[in-house]
Amino acid sequence: MVFAHGFGCDQNMWRFITPAFEDDYRITLFDYVGSGGSDLRAYDPDRYSSLEGYAEDVLDVCEELDLKNVVFVGHSVSSVVGMLAAIKQPERFSRLILVGPSPCYINEPPHYVGGFNRADIEELLGMMDKNYIGWANFLAPAVMANPGRPELAGELRESFCSTDPVIARRFAEATFLSDYRSIVEKVPVPSLIMQCSEDIIAPLEVGDYLKLHLPQSTLAVMKATGHCPHMSHPEETIQIIRNYLAESRA
Amino acid sequence: MDEVLNSVPCGYLSFADDGKILAANQTLLDMLERSDRKLEGQHVESIFTVASRIFYQTHFLPLLTVKGRAEEIYLTLRSGTGSDLPVLVNAARVDRLGRLSNDCIVVPMRRRSLFEDEILRAKKDLEEANQAKDQVNAELELTRLALEKKQRELQDRNCELEALKERLEGQVEERTTELSEALEDLESFSYAIAHDLRGPLRAIVSTSEILRAETSAILAEEQLSLLDRQSFNGRKLSALVDDLLRFARLGRQGILREPVNVSELAMNIIAGISPAHGSKKPSFNVQGGLRVRGDPALIRILLENLIQNAVKYSPEGGTVRIGSKSVGETSAFFVQDTGIGFDMEFAEKIFQPFERLHSDSRFEGSGIGLATVKRIAERHGGAVWATSLPGQGSTFYFTLGAAGRL
């Protein structure tokens, strides 16, 4: 099982979920380049300006660890990342589990409800510029090259939810300004859509849209509200995933 | 709510994990311009702008959940009047009587926000300017490299040219030496021949004249005229040899540089001239005050030749004028006649030895005269040239070099 975090924060968000599957699956957790504890020297603005770059990260991890029959669990934007990865290497994946997925966040009247209009997204991007959570950490890798300052080693641990303004903004742009509706029907792997009840980021309309266009998909509407059921409602999340995987094996 | 907390100068908000607001102080209500309304029971997202709601879901809440605290979170709140309020939030997760709640303090930062906007804008402008600068630098670098390349090419070209120049100069020197030697040989040869011819010629002439004198009583008219013709031709040949000798000698002697009164010299020459048999002597007009620095003997020969020519080719007489006039940036002497002239096509050929344009026997001469004139002028560092209109006359110009001018 490969767990891919979404926009905002990093692999730590899965900490309430992974223990439930440790016995049955080889668990792989990672941070995308530019997030969490990743080495920022590997950050390439061009590669990560589109979700295809992130899909490459997923495939690189699978390749490096020689993973097979991967159950890919992706949150938020990672659901699209998972779809892109599955299209590129279908033989690698057995299932896609999509938590709060959305192929396009911006409304396209008259028919498509993504949840936001362009102005909202612009505002969000402005907000990314002004949040500096863990900003100092992003200097750390460069500073770490200086062996005379061992006290800096501790700071890297504070990396959860770091938002280097530049990188975070680019991730936000890659996520919220993209439209991947056209690739949805090409996904060759069966998938589970985990739709939250009141999620402003992935509203119910989007879940319905995906059910309609994603081949071999199952829609599970959760009692959980908000956008991170794996954090706010871990039990329900674990339950739904377990059931789905059991049914798939049958 | 505790009175201190209610009125403390920052907003206080507490909400549960499901987002329901548990408590809010008066300061926050005033900040949000919702003094008359209650916030408890509402979802915390109701006071967030859309952008803040997204950030709350993706960053703020996860951070609180995992870390238990969040600091310096920038959010925008929606006030009761619909305007946006930028705030800074510090939050902590607390366990109050078995229930988890998220406590936040909220500090407005309108001014700071504006300031930050300015800084961000300046930063962006700087980045763009730097990018532009980098681009310009890159282009400059390319240009510089191209320029260096061109420079190297030019240098290579120059070297080639230098080498070529040296080679050519070497060749020229060789040629010049060869030519000088050849010329010297030729001159020596001509001189030797002419010199050796004179003796026998003189003998032929004198013996013819002696014979004629001694046999004038004995021989018939036709026989006497034969002798006349013999001595005449002998003298002619002598004159030719003398001319040749003089011409050849010109290449071997140095020239003097003395003041020469050209006007006087011309008058002197004119006095001794007589036209050919049957021709009229032309009238002469000599400009006064003509002076030059040069070799008096050579200049005399030059003038003699030109004046004699003028007379020879003016069988009807006419006027021969001698003077100086400005020609372009210098001045030149001239000898002008109103005689038969010549076709300008041959204006240069006439100065070559033995080139005679008029085969008419009226015009006798050795064919060396103008060549001698040219050589004398050139030995002085000057030149000769001529203009003419057939039937109207000719003008012969000569200069005797910069050193020739007084």
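**Close-up 1. The open sheet of chain B, as seen in this predicted model.** Five strands make up this sheet: reading across, the order is β2-β1-β5-β4-β3, and the pairing is antiparallel. At the edges you'll find β2 (21–24) and β3 (69–78) of chain B; each has a single partner strand, so one side of each goes without a neighbour in the sheet. Going from one strand to the next, the twist averages 30 degrees.

**Close-up 2. Where β1 meets β2 in chain B.** Here we zoom in on strand β1 (residues 11–16) of chain B, which runs antiparallel to β2(B) and is joined to it by 3 bridges. To get your bearings, look for Ser14(B): its bridge partner in β2(B) is Ala23(B).

**Close-up 3. A helix lying across the sheet strands of chain B.** Helix α3 (residues 50–67) of chain B lies across β3, β4 (84–96) and β5 (99–108) of that chain. Relative to β3(B), the helix runs at about 160 degrees. Recall that β3(B) is one of the edge strands.

**Close-up 4. Helices α4 and α5 of chain B, side by side.** This pair is made of helix α4 (residues 110–215) and helix α5 (residues 221–250), both of chain B. Their axes come within 8 Å and cross at roughly 160 degrees. An angle over 145 degrees counts as roughly antiparallel, and α4(B) and α5(B) are therefore roughly antiparallel to each other. The crossing is left-handed. Sorted by class, the residues in this contact come out as 14 nonpolar, 7 polar and 8 charged.

**Close-up 5. Helices α3 and α5 of chain A.** Now over to chain A, where helix α3 (residues 118–129) packs against helix α5 (residues 165–176) at an angle of about 160 degrees, with the axes 8 Å apart. That angle makes α3(A) roughly antiparallel to α5(A). The crossing of these two helices is right-handed. On the α3(A) side, look for Ile121(A), Leu124(A), Leu125(A), Met128(A) and Asp129(A); they meet a set of α5(A) residues including Pro165(A), Ala168(A), Arg169(A) and Phe176(A). The contact holds 8 nonpolar residues, no polar ones and 3 charged ones.

**Close-up 6. The contact between chains A and B.** Chain A puts in 26 residues and chain B 25. On the chain A side, α3 and α8 (229–232) each supply at least two residues. The largest share of that side comes from α3(A), with 5 residues. By class, the chain A side divides into 14 nonpolar, 8 polar and 4 charged residues.

Notes:
Residues are numbered from 1 along each chain as its sequence is written. Chains are lettered from A and ligands numbered from 1 in the order in which they are written. This is a predicted model: local features need pLDDT of at least 70, side-chain atom pairs count only at pLDDT 80 or more; totals for chains, interfaces and linings use all residues. Axes are lines fitted to C-alpha atoms, for helices over the stretch in contact, and angles run from 0 to 180 degrees between N-to-C directions. Helices (H or I, at least four residues) and strands (E, at least two) are DSSP runs, numbered from the N terminus. Angles under 35 degrees count as roughly parallel, over 145 as roughly antiparallel, 65 to 115 as roughly perpendicular and the rest as oblique. A crossing is left-handed if the near helix is turned anticlockwise from the far one by less than a right angle, and right-handed if clockwise. Two residues are in contact if their C-beta atoms, placed from the backbone, lie within 7 Å. Ala, Val, Leu, Ile, Met, Phe, Trp, Tyr, Cys and Pro count as nonpolar, Asp, Glu, Lys and Arg as charged, and the others, Gly among them, as polar. Two strands pair if DSSP finds at least two bridges between them.
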